[in-house]
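I opened this notebook to keep track of what I look up, one entry at a time.

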Amino acid sequence: MPSTSKASRFFELADQREVAFCQSINRAVQFRPALGYFRLVSRLSDGWFWYALILFIPFLRPESGPGLALLMALTGLTCTLSYKLLKRWLIRERPFISFPAINCGTPPLDRYSFPSGHTLHAACFQVMLTVAEPALALIVLPFTLSVAASRVVLGLHYPSDVAAGALIGGLMGYAAMSWLHF
């Protein structure tokens, strides 16, 4: 696969450029409160937080909430399929695998790193909430930012994985909201 070998060469260069920054952020796992906080955020962002939020929205806004909840669920499924395909096609090893000096703060859900699926979902849902429910979006924003930070702090992703996940997820959330004129 020529595209995979090109992607591999690109990621090898990117990894070398990002490893020092990644390692400096990863040092936060040495502090038990930080490790505990980011592990909790990571676990909640495995889906639990988003499932609860999607179930809560119809009660918050009985008139428009069910439609938004359904759209978020369908868009979330699309996000999952997208990031899984990208990870299998692009094949970037996680930082803690490529660089033993980076500590793995919690077990990953899958093998590859690019893009960050957790961040992709968080950004997608954040954008969707910003369009449909701005007040709720402000409440959720600290969690969304913590999800993005947790990926690098826990040694699971490079900053570029998180940035790509945020960009892709944000675009997917915006496209879903625009497509249905929500």
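Before sorting any lining by class, I note that Ala, Val, Leu, Ile, Met, Phe, Trp, Tyr, Cys and Pro count as nonpolar, that Asp, Glu, Lys and Arg count as charged, and that the others, Gly among them, count as polar. I also note that the model I am reading is predicted.

I looked up the largest pocket and found a volume of about 290 Å³. Of its 17 lining residues, Asp 46, Gly 47, Tyr 51, Thr 80 and His 121 are the closest to the centre. Helix 2 (32-60), helix 3 (65-90) and helix 5 (117-132) are the elements that each give two or more residues to this lining. Sorted by class, the pocket lining has nine nonpolar, seven polar and one charged residues.

Entry on Tyr 51. I then followed Tyr 51, which is found in helix 2, and saw that together with Leu 40, Leu 44 and Trp 48 it makes a nonpolar surface patch of about 430 Å². Is Tyr 51 buried or partly exposed? Its relative accessible area is 48%, and since buried means under 20% and exposed over 50%, Tyr 51 counts as partly exposed.

Entry on the cavity. My search of the whole structure for cavities of 30 Å³ or more gave one, and the volume of the largest cavity is about 70 Å³. Its lining includes Tyr 83, Lys 87, Arg 94, Asp 110 and His 157, and helix 3 and helix 5 are the elements that give two or more residues to it. By class, I recorded three nonpolar, three polar and four charged residues in the cavity lining.

Entry on salt bridges. I searched the whole structure and found six. In one of them, the side chains of Arg 61 and Glu 133 meet at 3.2 Å, N to O. Arg 61 lies in the loop between helix 2 and helix 3 and Glu 133 in the loop between helix 5 and helix 6 (134-153), so this pair ties together parts that are 72 residues apart in sequence. Arg 61 is partly exposed at 35% relative accessibility, whereas Glu 133 is buried at 8%.

I next looked up Arg 92 and Asp 161, whose closest N and O atoms are 2.6 Å apart in a salt bridge. Arg 92 is buried at 1% relative accessibility, and Asp 161 is buried at 0%. Last, I noted that salt bridges with shared partners join Lys 87, Arg 94 and Asp 110 into one network.

Methods. Residues numbered from 1 in each chain as written. Predicted model: local features only at pLDDT ≥ 70, side-chain atom pairs only at ≥ 80, totals over all residues. Heavy atoms only, no water. 1 Å grid on protein atoms, 1.4 Å probe; cavity = no way out; pocket = protein on both sides within 12 Å on 5 of 7 lines; lining within 4 Å. Points joined across faces, edges and corners; volume = space filled by probe spheres on them. Helix = DSSP H or I, 4+ residues; strand = E, 2+ residues; numbered from the N terminus. Patch = residues over 30% accessible without salt bridge, like charges linked within 9 Å, V, L, I, M, F, W, Y side chains within 5 Å. Areas by Shrake-Rupley, 256 points an atom, 1.4 Å probe, with all protein chains shown as cover. Salt bridge = Lys/Arg side-chain N within 4 Å of Asp/Glu carboxyl O. Buried < 20%, exposed > 50% of the residue type's maximum accessible area, 1.4 Å probe, protein only.
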